[in-house]
Amino acid sequence: MLIGAIKTNIYVYLTPIITIIVAMIAIDERLGFYGIVGVILTLCGVIIGECRNKRV
């Protein structure tokens, strides 16, 4: 089963967020201000990208 380039890009963009979550769980890393801003901007970008793909 192939998922296509668009879905693959979504997973690539979510990789840093998954890394932050795993670091918080595995090594008790604290999430700072810039980390929160980065997560928010990344999620906004993914959501905007998904909305644009559905309209096309």
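Colleague: Is Ile36 buried, partly exposed or exposed?

Modeller: Ile36 is partly exposed, with a relative accessible area of 40%. Buried means under 20% relative accessible area, exposed over 50%, and partly exposed is in between, using a 1.4 Å probe and protein chains only. Keep in mind that this is a predicted model: local features need pLDDT of at least 70, side-chain atom pairs count only at pLDDT 80 or more, and totals for chains, interfaces and linings use all residues. Residues are numbered from 1 along each chain as its sequence is written, and side-chain values use heavy atoms, with hydrogens and water left out.

Colleague: Where is Ile36 found?

Modeller: Ile36 is in helix α2. The protein has two helices and zero strands; these are DSSP runs numbered from the N terminus, with helices being H or I of at least four residues and strands E of at least two.

Colleague: Which residues form the nonpolar patch on the surface?

Modeller: Ile36 is in there, along with Ile21, Met24, Ile25, Leu31 and Ile40, and together they have about 550 Å² of accessible area. Both α1 and α2 give two or more residues to the patch, and α1 gives the largest share, three residues. Patch residues have over 30% relative accessible area and no salt bridge; like charges are joined within 9 Å, and nonpolar side chains (Val, Leu, Ile, Met, Phe, Trp, Tyr) within 5 Å. A salt bridge is a side-chain nitrogen of Lys or Arg within 4 Å of a carboxyl oxygen of Asp or Glu. The areas come from the Shrake-Rupley method with a 1.4 Å probe, and for residues only the protein chains shown count as cover.

Colleague: And Ile17, buried or exposed?

Modeller: Ile17 is buried, at 11% relative accessibility, and sits in helix α1. Across the whole protein, buried residues make up 9% of the 56 residues.

Colleague: What is Ile17 in contact with?

Modeller: Setting aside neighbours within four places in sequence, Ile17 is in contact (heavy atoms within 4.5 Å) with Val39, Thr42 and Leu43. The C-alpha atoms of Ile17 and Thr42 are separated by 8.0 Å, though these residues are 25 apart along the chain.
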